[in-house]
Amino acid sequence: MKRGKELFTGFLLIFPALIVLATLYVYPLVLSIYTSFTVQASYGLANYVKAFDIYWRDIIYSVAISFATTVATLFVSVVVSGYLRFKSWKFLELMYKLPLFIPFLIVGHAMRVFLAPHGTLNNLLTRILRIEELPGLSRSWIGLVWAFVWIMTPYATLIVLGAFRSLDSAYIEAAQNVGASKWKIVVDILIPMCRPSIMVAFILTFVRTISSLTIPIMVGPASPNMITVNMMFRVNYFNDWGTANALGVISYLIVMVFAIYYLRFMAAERGGIKA
């Protein structure tokens with residue numbers, strides 16, 4: 001009886017959170033999936049056929065950009081976290097956290113100006129290299145990855161640095177006693193022992209990148225586009241909610257692949273069976 005009351009009390013405490021989750025996530029998700037199979041009062045896969053027929057290059061492009069961003073972001077995060085694990089530098093601590101407080105819209109506009117053909121970066125390189133005309137990185141996949149890495153790095157670094165600093169210093173001290181360099185310690189000790197946290201940073205970075213809209217619109221090329229940009233165009237210019245929702249479901253499935261891998265990885269890390 002007492003156990004039942006405790007369960008009921010616990011349910012009441014989390015009930016408001018469940019309502020918010022169901023209203024803001026579960027219901028839109030179910031409605032999106034339902035609409036993706038709806039074609040003029042009938043049901044079928046026509047929206048998915050159209051989505052793959054028109055946007056298959058953009059789907060591959062979105063995954064490639066998100067993966068490239070994630071790899072570059074994790075590399076920068078590990079380098080910064082490895083440095084700050086051994087040495088405190090207040091300036092670096094402040095600078096890597098700065099993008100946390102800047103909205104994506106502002107980042108997109110700033111990067112468009114910074115990476116433009118006659119933008120800040122090219123003006124600086126022109127003075128240093130004495131080259132008259134340099135191509136701008138804005139409106140290219142390189143500029144898009146650059147912008148994404150700049151905005152995503154703080155989130156990944158907070159996770160990775162927290163994991164590095166929470167690791168028992170005895171492992172690091174033992175490695176230093178046998179002459180291991182700091183980079184060797186990072187590669188052979190910190191990264192392997194902090195794999196779960198690095199995987200969390202990987203998944204979150206990938207998901208945030210593939211779901212971003214403002215930065216691809218402002219910095220990315222006109223073609224190919226990210227999935228989110230295509231969804232916006234289908235709704236705003238064609239009023240085609242079916243194809244837009246089909247693209248959304250495809251992006252859900254892409255993210256689920258990484259999420260399932262992460263869950264299986266965590267199960268194996270905690271003693272489960274890796275299939």
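Val30 is found in helix H1, which spans residues 2–36 (helices are DSSP runs of H or I with at least four residues, numbered from the N terminus). The model is predicted, so that local features need pLDDT of at least 70 and side-chain atom pairs count only at pLDDT 80 or more, whereas totals for chains, interfaces and linings use all residues. Residues are numbered from 1 along each chain as its sequence is written, and side-chain values use heavy atoms, with hydrogens and water left out.

Val30 belongs to a nonpolar surface patch whose members include Phe8, Phe11, Leu12, Tyr25 and Val26, with about 1100 Å² of accessible area for the patch together. Nonpolar patches join Val, Leu, Ile, Met, Phe, Trp and Tyr side chains within 5 Å, for residues with over 30% relative accessible area and no salt bridge; areas come from the Shrake-Rupley method with a 1.4 Å probe.

Five salt bridges are counted, each a side-chain nitrogen of Lys or Arg within 4 Å of a carboxyl oxygen of Asp or Glu. One of them pairs Asp240 with Lys50 at 3.3 Å, N to O. Asp240 lies in the loop between helices H11 (227–236) and H12 (241–269) and Lys50 in helix H2 (residues 46–86), so this pair ties together parts 190 residues apart in sequence. Asp240 is buried at 11% relative accessibility (buried, under 20%; exposed, over 50%; partly exposed, in between), while Lys50 is partly exposed at 34%. Asp240 also forms a salt bridge with Arg234, the closest N and O atoms being 2.8 Å apart. Arg234 is buried, with a relative accessible area of 9%. Shared partners join Lys50, Arg234 and Asp240 into one network of salt bridges.

Definitions and conventions
Patch = residues over 30% accessible without salt bridge, like charges linked within 9 Å, V, L, I, M, F, W, Y side chains within 5 Å. Helix = DSSP H or I, 4+ residues; strand = E, 2+ residues; numbered from the N terminus. Buried < 20%, exposed > 50% of the residue type's maximum accessible area, 1.4 Å probe, protein only.
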